[in-house]
Amino acid sequence: LDNRTILSSSDDGSVKIWILLGSSEAARLLGHSSPVRKAIFSPNNEIIATASDDATVRLWSWKLGLAESGISRALLQRHLGPVTAVAFSSSGMELATSSSDGAVKMWHFTNTNLAGVKTFSPHQGVPIRGLAFNGTSLATVADDGVARLWDYTTFAAGPVLYQHQKPARAVALSPDGRLGATSAWDCSIVVSQLGSQSPSVLFTGNSHTDWPETLAFSSDSKL
């Protein structure tokens with residue numbers, strides 16, 4: 001967030017906000033009835049989105065020192081199964097959510113109000129495990145092992161990042177838009193170079209003893 005605040009989510013259904021200076025707990029977000037799988041900040045750091053096995057996404061107001069911080073401001077309930085991933089676009093005006101029901105939902109916001117939602121099934125109903133935005137592209141990974149880019153404004157299919165041999169678990173796109181990273185149940189991690197219709201594999205690794213659940217690039221795209 002701001003180099004001093006982090007989020008943690010738990011199987012107990014809670015999300016905690018921590019201030020690194022002093023290792024203090026700043027707030028506890030309660031409302032989900034099942035494990036929380038993902039918790040992220042919006043680009044302006046004023047909204048937190050949480051995704052849960054209770055098939056809902058919650059949006060929370062957050063600003064350190066304000067009385068309304070940590071208050072649930074919206075409950076998104078359109079998924080039919082556990083919500084597996086959540087991601088904001090760079091503008092913060094779009095929120096993508098995915099589920100084991102095989103759907104991706106694109107929630108559009110005007111200022112702070114929900115203006116609409118669209119649904120598409122990028123993997124023919126196969127459970128989706130990860131999402132990542134970059135520009136107008138949305139990356140998805142699913143239990144079919146496919147990692148693919150989509151134009152999220154039209155839902156037009158873009159290039160396949162990689163075809164894993166086992167169900168894919170996570171995806172990340174580098175801030176400079178040049179790289180994509182994916183992971184799968186066989187513990188593999190693949191980094192591909194973007195920018196063409198056929199992304200080229202730059203790196204493959206398999207050093208974990210269990211599947212990697214989360215991937216992330218550094219802000220300078222070098223790590």
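Predicted model: local features only at pLDDT ≥ 70, side-chain atom pairs only at ≥ 80, totals over all residues.

Trainee: What makes Ser52 count as buried, and where does Ser52 lie?

Mentor: Ser52 lies in strand β5, residues 47–52. Buried means under 20% relative accessible area, and Ser52 has 0% relative accessibility, so it counts as buried.

Trainee: Which residues does Ser52 touch, and how do you know that they count as contacts?

Mentor: Leaving aside residues up to four places away in sequence, Ser52 touches His32, Ser34, Pro35, Val36, Arg37, Pro82 and Val83. The criterion for contact is heavy atoms within 4.5 Å.

Trainee: Why do Cys187 and Ser221 count as buried?

Mentor: The cut-off is again under 20%. Cys187 counts as buried because its relative accessibility is 11%, and Ser221 counts as buried because its value is 8%. Cys187 lies in the loop between β17 (179–184) and β18 (189–193) and has a positive phi of about 75 degrees although it is not a glycine. Ser221, found in the segment after β19 (200–205), is not a glycine either, and has a positive phi of about 65 degrees.

Trainee: Which strands make up the open sheet, and why are β8 and β11 said to stand at its edges?

Mentor: The sheet has 4 strands in the order β8-β9-β10-β11, with antiparallel pairing. Because β8 (83–88) and β11 (113–120) each have a single partner strand, one side of each is left without a neighbour in the sheet. Direction ignored, neighbouring strands of this sheet are turned by 20 degrees against each other on average.

Trainee: What makes a group of residues a nonpolar core, and which residues have the most contacts inside the largest one?

Mentor: A core joins buried residues of the nonpolar kinds, such as Ala, Val, Leu, Met and Phe, through side-chain atoms within 4.5 Å. The largest has 13 residues, and those with the most contacts inside it are Ala96, Val104, Met106, Leu131, Phe133 and Leu138. At least two residues each come from β8, β10, β12 (128–134) and β13 (137–142), and β12 gives the most, with 3 residues. Phe133 touches residues including Ala87, Ala96, Met106, Leu138 and Leu173. A second, separate core of 12 residues includes Ala51, Leu76, Val86 and Trp107.

Trainee: Which residues lie nearest the centre of the largest pocket, and what is its volume?

Mentor: The volume is about 1,400 Å³. The lining holds 41 residues, of which Ile40, Val86, Leu131, Leu215 and Ala216 lie nearest the centre of the pocket. The elements giving two or more residues to that lining are β1, β4 (36–41), β8, β12 and β16 (168–173).

Conventions. Residues numbered from 1 in each chain as written. Heavy atoms only, no water. Pairing = 2+ DSSP bridges. Axes fitted to C-alpha atoms, helices over the stretch in contact; angles between N-to-C directions. Buried < 20%, exposed > 50% of the residue type's maximum accessible area, 1.4 Å probe, protein only. 1 Å grid on protein atoms, 1.4 Å probe; cavity = no way out; pocket = protein on both sides within 12 Å on 5 of 7 lines; lining within 4 Å. Points joined across faces, edges and corners; volume = space filled by probe spheres on them.
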